Number of protein chains: 4
Amino acid sequence: MKEIKDKLRAFAEERDWDKFHTPKNLVMALSGEVGELTEIFQWLTPDESKIENLSSKQFSNIKEEIADIYLYLIRLADKLDIDLEQSALHKIKINSEKYPVELSRGNAVKYNKR
Amino acid sequence: MKEIKDKLRAFAEERDWDKFHTPKNLVMALSGEVGELTEIFQWLTPDESKIENLSSKQFSNIKEEIADIYLYLIRLADKLDIDLEQSALHKIKINSEKYPVELSRGNAVKYNKR
Amino acid sequence: MKEIKDKLRAFAEERDWDKFHTPKNLVMALSGEVGELTEIFQWLTPDESKIENLSSKQFSNIKEEIADIYLYLIRLADKLDIDLEQSALHKIKINSEKYPVELSRGNAVKYNKR
Amino acid sequence: MKEIKDKLRAFAEERDWDKFHTPKNLVMALSGEVGELTEIFQWLTPDESKIENLSSKQFSNIKEEIADIYLYLIRLADKLDIDLEQSALHKIKINSEKYPVELSRGNAVKYNKR
């Protein structure tokens, strides 16, 4: 991830695009990419969305969108000086306490906050 | 990332939540988290969105949402057997060819696909 | 819709919130609300998402989110001086030509742009 | 809106696309369109996003995306038997009580839920 972060920094600096990369703008860019990923999945059934049922064209489109999302996420985290790995591990811990195994097992209602 | 991936697998299995984690559903979950991040930034000016201008409350909310996004992204990539790092490095290469430095410098119009 | 548009204008002016309502910010607000709607549906199967299978709690949450989305859409269109009804009717016409009945019938592949 | 709702029904029926239009799928389609709108605005400053500063190309793209969003919103509301106008008027009333004028005037902090 360090390598990607550095490459993205150089990429933006070389093109003088750093000025566009405010956190607000990067959140929108991230959101736009998630929109593109959503479009690929919108008419598929949950079953059709599984890896074994995707066409190679669908799969390659998905892979590209997921890469774009990851790139903007790293760039955003870099601009906010957030350590993705560490934050994620911390969040898993919080979630473990929030959803204890005994109370959550197979329980769709508990799972779904609504 | 390997550690996070494994913990997320165990987390879902222990709670029998794996059945909810189809790629279609995970894309929606990812999108929902990006929506929460968007809400934090929606009324901020680009300048107010910078790290030095965020309150500690805003910053801690942002960090939590970004962690959630990262967790769902890793889970989704795992379900689709996609290597995030490798795909991202590949995408940077494609982008370098798509936006050559000489033609792209400080050029907002080129930058923006529209 | 005219009544809603006028009420939203008065609402923002009375609170001196008009300054927050740039199109960029309103697009983010719209996106945030769609994120909240997405969260309600993310773990439901397509079948569970149908009106006859929603709980009254789910239904009332959905109704509220859809109202929020509609409010921000009207506000955004107002700020951009766009006539929603007219634009929508125009778009239906374009879509009719883009997807001729004979070629599109029950054709999921054609339907899906990807 | 009644006219649009009826045209969308006929449009889907003629093409046998009704089967794709579950609420879950329509929420994703709505979200995808909002993603496209977001992409148009992502690198613009709030000021550049105002109607008087948009190019005619940008404006026509925005108009088309807003029409798409409105179409999916009507279709979704139709499938859930929700009256958009009535729900929106009801929501404005709730918001008026939630944000009393005296307490909310020009108050960005109160405005922003976070």
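## Basis of the model

This is a predicted model, in which local features need pLDDT of at least 70, side-chain atom pairs count only at pLDDT 80 or more, and totals for chains, interfaces and linings use all residues. Residues are numbered from 1 along each chain as its sequence is written, while chains are lettered from A and ligands numbered from 1 in the order in which they are written.

## Chain A

Chain A contains 6 helices and 0 strands; helices (H or I, at least four residues) and strands (E, at least two) are DSSP runs, numbered from the N terminus. Chain A is divided into domain 1 (2-82) and domain 2 (83-114), with bounds that come from an automatic or database domain assignment. The centres of these two domains, taken over C-alpha atoms, are separated by 24 Å.

The C-alpha trace of chain A spans about 50 × 35 × 25 Å along its principal axes. Its radius of gyration is 18 Å, whereas a compact globule of 114 residues would have one near 13 Å; the radius is taken over C-alpha atoms, and the globule rule is 2.2 Å times the number of residues to the power 0.38.

## Contact between chains C and D

The contact takes 55 residues from chain D and 55 residues from chain C, two residues being in contact if their C-beta atoms, placed from the backbone, lie within 7 Å. On the side of chain D that touches chain C, helix 3 of chain D gives the largest share, 13 residues. The residues of that side divide into 32 nonpolar, 9 polar and 14 charged. Here Ala, Val, Leu, Ile, Met, Phe, Trp, Tyr, Cys and Pro count as nonpolar, Asp, Glu, Lys and Arg as charged, and the others, Gly among them, as polar. The same surface serves both copies, as 100% of the contact residues of chain D recur in chain C.

## Residue contacts of D:Leu73

Not counting residues up to four places away in sequence, D:Leu73 touches C:Ile69, C:Tyr70, C:Leu73 and D:Leu30.
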